[in-house]
Amino acid sequence: MAINQAGWPKPSAEKDHTIRQLLPITALLVGSAFLLFAGGINGLILPVRGTLEGFSNVSLGLLGTGWALGYVAGCIMTSTLVGRVGHIRAFGSLAAIAAVSMLGSAILITPWAWVVLRGLCGFCFAGTAMIVESWLSEQTPAQSRGRVFGVYTMVNLGANTAGYMMLTLGDPSGFFFFALAAIFYCLALVPTALSNTSTPPPMVKVKLNLKALWRNSPVAVFAVFWVGVSNAAFGTLAAVYAQKVGLVLGAVALFTAIPILAGAVIQMPVGLLSDKMDRRKVLVGIASFALLADLAFILLAPEGRMMNLALAALLGGSIFAMYPVIVAHANDHAEPGSAIQISGGLLLTYGIGSIIGPTVAGWAMSEIGLRALFAVTSLSHVMVILYTLWRMTKRQAVAEDGKSSFQPLNAGRTSSLQTVEGSQPDPIEGTRESGATKGPAADP
């Protein structure tokens, strides 16, 4: 190891190169961290405060449905908005509207107002995330893009978790956390507004074509829909469940944060395993672990803090690792040049499942009981397991040398269509506002 004059080890050339790449995009990472920090507060304060206000489980589930509707709409419409007014104005407007939606939720404490405002916030979040990520794609060389987006993902996860944990520091029945989230939504626009980085290229515009997606990989389409149902149901109502089984606020925050962190930690080992064997077998395996956690919640009916947190970690490590395996499996079968369309279409299919999951789970919790949440997630995982096993008898596995590269991804609140593009290790021609797409699966 090389030593400098002060006696400290010199950084390696690779590390120094990474630092030089990250410095110009620090403003973008800071802005994104502010967004996810506010999003973490937003995502937890609403179900916690709604439970305190006596909102029904159905109305609390609809918060997740509203978010998913807004998020999917934002993924589809943001490129058009940016084309009209530009990246800077679009980003500033969306961040400001997100802040307004948060303050509106503090003023209009009614379930239906919250559902609408949550949907508006989901739309804004999708748009702002896409704009930041398109900047990152522009500022990062193709050969290092996967590494930089890995840093971006970890920054987002850390900020999101910090936002969750903020609720342990105060009283959720007041105005403070609504105002704090609004402040950080506004702060998110400052780094990008003051940044001297170049204007991003035209944004990725992906059309949802279920027939083309299904022809490419039936397992991917079927599984990603049910994973959307499961993940959105748990992500929306986990805090409600934890609060109503008697966990204190700090444990409620951990119950929502630990699954996300567990999913992030387990992705790389799962990805490496899926690169060495049939990804469908890996998908069945992690879905089986998720089902085991579901059944443990239902049959053991845990009430203690440690058992609930342990099962939440097992469930989160499983459900949040499935999405990137599904995307990698679909890309194994994709035609050259169509990876963006396949991955983007799967993200939108996941969004459709996310619209359904929280509503069904909220209704089930109201009619059957709290643990009906895990009946919904277990049904989703059973569907994934059975269909994938059946399809394994109909189609041969892809050879190891024919597989695409596994890329860690987090569907939903910490990813967008731009994440799908940016995580690709090589430049891929996508459908853009200014040009046609190459590849047979581009616009069938």
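Author: Let's start with one asparagine and then work outwards to the rest of the chain.

First, keep in mind that what you have on screen is a predicted model. Now find asparagine 57, which sits in helix 3, a stretch covering residues 57-85. Is asparagine 57 buried or exposed? Its relative accessible area is 7%, and because anything under 20% counts as buried, asparagine 57 is buried.

So what does asparagine 57 touch, once you leave out residues up to four places away in sequence? The list is Leu237, Val240, Lys244, Gly362, Met365 and Ser366. Pick out the lysine from that list: the side chains of asparagine 57 and lysine 244 are joined by a polar contact of 2.7 Å.

If you take the contacts with a separation of 6 or more, 86% of them are between residues 24 or more positions apart. For another example, click on leucine 213 in helix 8 (residues 210-216). Leucine 213 and glycine 345 are 132 residues apart in sequence, but their C-alpha atoms are 7.2 Å apart in space. Like our asparagine, leucine 213 is buried, here with a relative accessibility of 5%.

Let's zoom out a bit. The protein chain has 15 helices and zero strands. Of its 444 residues, 57% are buried. The accessible surface of the chain comes to about 17600 Å², and carbon and sulfur atoms own 67% of that.

Now for some charged pairs. How many salt bridges are there? The count is two. One of them links arginine 49 with glutamate 53, with 2.9 Å between the closest N and O atoms.

Next, the cysteines. A disulfide is a covalent bond between the sulfur atoms of two cysteines. How many disulfides does this model have? The count is zero. Cysteine 121 shows you how that works: the nearest cysteine sulfur belongs to cysteine 124 and is 6.4 Å away, and because a disulfide needs the two sulfurs within 2.5 Å, cysteine 121 is in none. Cysteine 121 is also buried, at 1% relative accessibility. Cysteine 186, by contrast, is partly exposed, at 36%.

Last stop: the surface. Leu295, Ile298, Leu299, Leu300 and Met307 form a nonpolar patch there, and together they have about 480 Å² of accessible area. Helix 11, residues 279-300, supplies the largest share of this patch, with four residues. Leucine 295 is in that helix, and at 38% relative accessibility it counts as partly exposed.

So, back to where we began: asparagine 57 is buried at 7%, and its side chain has a polar contact with that of lysine 244.

Definitions and conventions:
Residues numbered from 1 in each chain as written. Predicted model: local features only at pLDDT ≥ 70, side-chain atom pairs only at ≥ 80, totals over all residues. Heavy atoms only, no water. Helix = DSSP H or I, 4+ residues; strand = E, 2+ residues; numbered from the N terminus. Buried < 20%, exposed > 50% of the residue type's maximum accessible area, 1.4 Å probe, protein only. Polar contact = N/O pair within 3.5 Å; in protein donor to acceptor, adjacent residues only side chain to side chain. Contact = heavy atoms within 4.5 Å. Patch = residues over 30% accessible without salt bridge, like charges linked within 9 Å, V, L, I, M, F, W, Y side chains within 5 Å. Areas by Shrake-Rupley, 256 points an atom, 1.4 Å probe, with all protein chains shown as cover. Salt bridge = Lys/Arg side-chain N within 4 Å of Asp/Glu carboxyl O.
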